[in-house]
Every structure is written in structure tokens, then in C-alpha cells.
Amino acid sequence: IDPNNAAMLLIDHQSGLFQTINDMPMPTLRAHAAALAKMATLAKLPVITTASVPQGPNGPMIPEIHANAPHAKYVARKGEINAWDNPDFVAAVKATGKKQLIIAGTITSVCMAFPSIAAVQDGYQVFAVVDASGTYSKMAQEITLARIMQADVVPMDTAAVASELQRTWNRADAAEWV
């Protein structure tokens, strides 16, 4: 990941969707999603967020994301399940001018996978953060990993993203990366 050429997309990290997560402990997912937002702020990456029907059963976005990335741009959707099907979301991504996308989303098999695959088809290099994306079961996670890898999406974990963005401990803000 080149921090000068990357944007962070945090998709559908919503309280209602978190209640359906069974492939990892929900507090772990929540902490990883919040950590990605903080890393993006420290690395000065653009952040784009969106939520799927936040006024309905999927619930609102978890507040930690915008608390940790106050510069994040929220894009409202009009019911599209795949965030990449929303023209305003795609326009916001294109407006960053970045060609690498770090994507996490709940539910993994839908909210992370669909836009990741679509972004690759549109010419982006995509890094999918699996442990900041949650889904219904371990099996669903494994099937999704196979699918996104066939589409040339690179699966990663939160710690690997942190290390690639941070690059060195010899930096003035090293204590904040801890």
C-alpha cells in the first residue's frame, strides 16, 4: 500500500448489522473498524463512509469511525446494496484521485466484497481488510475470501494495514500508532 496513493472506504459498519456477526467477536470487529479510521487519519488518507438504510434495521454507523476520522466524507445511499452501484459513492472515490483502495465492510460477503470486486473491474487496486469486515459464519468468510481473491482483491488484516501505512517506528507520531 502506498499511503500517497490510497483511500480508505469503510462501508456499512452499522450497529444492527453487527448483531448478525458470527465469524469473530463483535467487539473485535468494532475495534478493528475504529482502528482503520484512526490509521487513515494518522496517514492522512481520504476516508469515505456509507451506510445501508441506517434508519432501518441495519441501524446507524458506529460512532467511533467518524470520531477517529473526523475528515471522513459520508455518502448517503438510496437503497443500493452494493455501495459501488451508487453514483455519488463512486464519484467521491474518484474525486480522491487515489488508485489504491483499502476497503472494509459489514457484511463481508456483500458490503465488502461487492464494491471491492466492482472497484477492481474499474481499474483500482483493492486491499480488503477481512478482520474489519464481519459476516454470518466462518464458512461465509472463507467463501468470500475465495471469491474476492479470484477477482484480484488482496485480502489483509488490520495489523498488516497498520504496518504498511506506518512504515517505521522512527516517526514523530509513533506513539499514536500504538
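The following legends describe close-up views of a predicted model.

View 1. Six strands, in the order β3-β2-β1-β4-β5-β6, make up an open sheet with parallel pairing. Its edges are formed by β3 (73–74) and β6 (154–156), each of which pairs on one side only. Helix α7 (residues 158–166) packs on the sheet and touches β4 (100–105), β5 (125–129) and β6. The direction of α7 makes about 100 degrees with that of β6. Strands of a sheet pair through backbone hydrogen bonds, in either the parallel or the antiparallel sense.

**View 2. Strand β1 and its two partners.** Strand β1 (residues 6–11) is largely enclosed by the rest of the structure, because six of its six residues are buried. From this strand, A6, M8 and L10 point one way, whereas A7, L9 and I11 point the other way. In a regular strand, side chains alternate between the two faces of the sheet. The pairing of β1 with β4 is parallel and runs over six bridges, and within β4 the bridge partner of L10 is A104. Strands β1 and β2 also pair in the parallel sense, over four bridges; here I11 stands opposite T50 in β2.

**View 3. Strand β2 and the surroundings of T50.** Parallel pairing over two bridges joins strand β2 (residues 47–50) to β3, where K73 is the bridge partner of I48. T50 belongs to strand β2 and is buried, since its relative accessible area of 0% lies under the 20% cut-off. Apart from neighbours within four places in sequence, T50 is in contact with L10, I11, D12, M61, Y74, V75, R77, A83 and F89. Two of these residues, L10 and I11, are also among the buried residues of β1.

View 4. I102 lies in strand β4 and counts as buried because its relative accessibility is 0%. When neighbours within four places in sequence are left aside, the contacts of I102 are I1, A6, A7, M8, L9, L45, F127, V129, V161 and L165. Among these, A6, A7, M8 and L9 are buried residues of β1. Between I102 and Q125 the separation is 23 residues in sequence and 8.7 Å in space, C-alpha to C-alpha.

**View 5. Helix α2 and the residue that follows.** Helix α2 (residues 26–42) has 17 residues, which at 1.5 Å a residue should span 24 Å. The C-alpha atoms at its ends are 25 Å apart, in agreement with that expectation. Buried positions in α2 are L29, A33, A34, L36, A37, M39, A40 and L42. An α-helix has 3.6 residues a turn, so residues three or four places apart point the same way. Just after α2, K44 adopts a positive phi of about 60 degrees.

**View 6. The packing of helices α5 and α6.** Two packed helices are described by the angle between their axes and the distance between the axes. Helix α5 (residues 108–121) packs against helix α6 (residues 138–150) at an angle of about 0 degrees, and their axes are 10 Å apart. Because angles under 35 degrees count as roughly parallel, α5 and α6 are roughly parallel to each other. On the α5 side the contact involves T108, S109, M112, A113, F114 and I117, which meet T144, R147 and I148 in α6. By type, the residues of this contact comprise five nonpolar, three polar and one charged.

Methods: Residues are numbered from 1 along each chain as its sequence is written. This is a predicted model: local features need pLDDT of at least 70, side-chain atom pairs count only at pLDDT 80 or more; totals for chains, interfaces and linings use all residues. Side-chain values use heavy atoms; hydrogens and water are left out. Two strands pair if DSSP finds at least two bridges between them. Contact means heavy atoms within 4.5 Å. Axes are lines fitted to C-alpha atoms, for helices over the stretch in contact, and angles run from 0 to 180 degrees between N-to-C directions. Buried means under 20% relative accessible area, exposed over 50%, partly exposed in between (1.4 Å probe, protein chains only). The expected span of a helix is 1.5 Å times one less than its number of residues. Angles under 35 degrees count as roughly parallel, over 145 as roughly antiparallel, 65 to 115 as roughly perpendicular and the rest as oblique. Ala, Val, Leu, Ile, Met, Phe, Trp, Tyr, Cys and Pro count as nonpolar, Asp, Glu, Lys and Arg as charged, and the others, Gly among them, as polar.
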